[in-house]
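Here are some notes for a colleague who is opening this structure for the first time. Please read them with the sequence and the model side by side.

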Amino acid sequence: MSETNLPPLSMDELAAEGAIALPDKEVYSLLDLNVDLDLGLDLAAPVDLAVAANANVAAPIDAAVGANVLSTDSTAQALADQGVRIDQGITGEAVANADQNSAIDQGQSPAPQQPAPQPVQPVPTDAAGALDGGLLNVDVNLAADLDLTAPINGAVAANANVAAPIDAAVAANIGSTGSEATAVAQQDAIITQDIDATAEANATQKSGIDQ
């Protein structure tokens, strides 16, 4: 008789079976990680920024959408007709000045600390004690004393004419039979842009850093 054809146990047979409690589950660590981090940081980041801009922006948008989804004998039509005339002119001056004077004194850097010596783990002499402790022991001691400074000075000046006429028509038949989708998009755009201006950006930076 194969294992697949074994008859199931009766209730009396199940009651006659004995059972014992399993031992407590022990948690064993495969990774022993010890990290000692000692950082002495002096950070300074003075930032100076100036922005000036002259801009003309025009964005006429015309859109038409028609759709038939899971429909039969349907018609979707989309028509978008747009006429655009845009005249843009800029007469002006964009000036950005950024003057930065930084005097940074971060003092004497603290003396680096020496990492404490790590005890040497004895080599197990018996097979039973070979698994006492983690399989991978990582001890990291990092002593870092950093003086960081990043004075940043920036100036931006811009003159811009932007025009974006958009004309769109979308017609769609999805999962339909005997349907007709028509999309017509017509656009007439006349755009005249003129800039008579000066854009000037000056950035002057003086940094005295004593670390």
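This is a predicted model: local features need pLDDT of at least 70, side-chain atom pairs count only at pLDDT 80 or more; totals for chains, interfaces and linings use all residues.

Among contacts in the protein chain between residues at least 6 apart in sequence, what percentage join residues at least 24 apart? The figure is 89%. The points below take the chain as a whole, and then some of its parts.

1. The protein chain contains one helix and eight strands.

2. Burial and surface. The protein chain has 211 residues, and 17% of them count as buried. Its accessible surface is about 15500 Å². Carbon and sulfur atoms account for 54% of that surface.

3. The largest nonpolar core. Five residues form this core: Ala50, Ala52, Ala94, Ala96 and Ala98. At least two of its residues come from strand E2 (47-58), and at least two from strand E4 (75-105). The most is given by E4, which supplies three residues.

4. Alanine 50. This member of the core has several contacts beyond its neighbours within four places in sequence. Among them are Ala96 and Ala98, which also belong to the core. Asn97, Gly154, Ala155 and Val156 are in contact with alanine 50 as well.

5. Asparagine 153. This residue lies in strand E6, which covers residues 152-163. Is asparagine 153 buried or exposed? Asparagine 153 counts as buried because its relative accessibility is 19%, and the cut-off for buried is under 20%.

6. With neighbours within four places in sequence left aside, asparagine 153 is in contact with Asp48, Ala98, Gln100, Ala203, Thr204 and Gln205.

7. Leu43, Leu146 and Leu148 make a nonpolar surface patch of about 290 Å². Leucine 146 is found in strand E5, residues 136-149. With a relative accessible area of 39%, leucine 146 is partly exposed.

How values were computed
Residues are numbered from 1 along each chain as its sequence is written. Side-chain values use heavy atoms; hydrogens and water are left out. Patches are made of residues with over 30% relative accessible area and no salt bridge: like charges are joined within 9 Å, nonpolar side chains (Val, Leu, Ile, Met, Phe, Trp, Tyr) within 5 Å. Accessible areas come from the Shrake-Rupley method with a 1.4 Å probe; for residues, only the protein chains shown count as cover. A salt bridge is a side-chain nitrogen of Lys or Arg within 4 Å of a carboxyl oxygen of Asp or Glu. Helices (H or I, at least four residues) and strands (E, at least two) are DSSP runs, numbered from the N terminus. Buried means under 20% relative accessible area, exposed over 50%, partly exposed in between (1.4 Å probe, protein chains only). A nonpolar core is a set of buried Ala, Val, Leu, Ile, Met, Phe, Trp, Tyr and Cys residues joined through side-chain atoms within 4.5 Å. Contact means heavy atoms within 4.5 Å.
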